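Good morning, and thank you for coming. Please look at the sequence and the model on the screen while I describe a few of its parts.

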Amino acid sequence: MFTVQSLLDDYQKRKTLERAEKLIFTGIGDRDVYNITAPFDDNGEWIIAGRVEARDTEHSEVVFFVEKNNVWTPKEDLRAYQLQDPFLCFIHGQLVFGGVEIFPHPENNNALSWRTVFYKGDNLSKMEQFTTGPDGMKDIRLIELTNGTIGVFTRPQGEKGGRGKIGFTAIDNLDELQSETIANASLIQEHFVEDEWGGANEVHLLANGEIGILGHIARFDHEGSRHYYPITCHYDPTLNRITNMEIIATRDDFPEGPAKRPDLQDVLFSGGLIRKENGQAVLYVGVSDAEAHRVTLTDPFAKYEKDSMIN
């Protein structure tokens with residue numbers, strides 16, 4: 001079992017971060033941009049998707065941004081989506097994009113519920129919705145595996161997942177990505193303790209065909225404030241087991257800045273990781289539910305590939 005404290009203790013012994021910086025966005029008024037994706041190529045243009053939201057609300061939209069002179073500006077010919085926390089991947093030659101849709105809670109008039117919505121298409125200008133996840137579930141992520149099947153990482157909560165644990169199943173094609181299939185995914189062998197939680201944010205197919213997960217682990221403190229940390233780990237589908245989990249950054253590693261609320265100051269939400277050929281990687285994160293930053297670090301997945309070669 002992995003705990004925040006044990007992972008933090010280990011992280012303080014091996015920090016490798018450098019060049020942390022805040023990303024600058026324009027064209028969105030006085031709203032914040034956070035919980036971004038890493039940049040991705042869409043028809044030859046590098047784009048970031050970000051959660052755009054006023055400081056006093058949870059109602060947000062996902063906007064696609066392009067960079068010029070170190071400033072990210074909305075791409076005018078792409079629509080915005082009434083979603084939170086965007087993510088994307090490429091499956092069987094298609095772009096798959098998604099985010100979290102909020103809606104009135106069916107039983108509590110003063111609360112919201114949520115579900116994950118999925119779109120697919122040849123590029124961002126040709127996306128169509130094709131499925132939704134179970135009500136109440138975030139952090140559903142996909143990856144195309146070496147045998148052509150699709151790995152599906154889930155995050156149930158409640159009776160099955162407590163405060164939030166990671167599940168996994170495999171499907172043959174995107175038509176099989178249905179709410180029931182997602183809900184029925186088996187939990188990965190024990191990984192988070194009961195009073196902590198986490199999920200997968202981006203899944204990487206490694207050079208050796210194995211799976212690396214970029215995700216988060218989180219907990220409350222005694223005052224009720226939230227603490228979120230980016231993690232990476234290795235997943236073995238044959239054993240249904242996570243190994244080598246580690247925290248790869250903390251809020252103190254980034255420039256100071258505002259928070260959406262006081263209880264969200266110590267929150268880093270993993271958006272994406274760009275692996276580089278020089279053994280480094282660039283991590284993109286949402287910070288304190290109010291800003292977006294990036295930082296260069298030692299590639300956390302490289303050792304999984306090397307260990308496999310040694311074995």
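**Strands and their partners**

In strand 16, E202 has L214 as its bridge partner. Strands here are DSSP runs of E, at least two residues, numbered from the N terminus. This is a predicted model, in which local features need pLDDT of at least 70 and side-chain atom pairs count only at pLDDT 80 or more, while totals for chains, interfaces and linings use all residues. Residues are numbered from 1 along each chain as its sequence is written, and side-chain values use heavy atoms, with hydrogens and water left out.

Strand 15 (residues 196-205) and strand 16 (residues 211-220) run antiparallel and are joined by nine bridges; two strands pair if DSSP finds at least two bridges between them. Five residues lie between the strands of this hairpin, where G209 takes a positive phi near 85°.

Is strand 15 largely enclosed or open? Nine of its 10 residues are buried, so strand 15 is largely enclosed by the rest of the structure. Buried means under 20% relative accessible area, with a 1.4 Å probe and protein chains only.

T154, in strand 12 (residues 150-154), counts as buried because its relative accessibility is 1%. Its contacts (heavy atoms within 4.5 Å) include M137, D139 and F168, leaving aside residues up to four places away in sequence.

Finally, four strands form an open antiparallel sheet in the order 1-21-20-19. Strand 1 (18-22) and strand 19 (268-275) are the edge strands, each pairing on one side only. Seven bridges join strand 19 to strand 20 (residues 280-287), and F269 stands opposite G286 in strand 20.

Methods. Buried means under 20% relative accessible area, exposed over 50%, partly exposed in between (1.4 Å probe, protein chains only).
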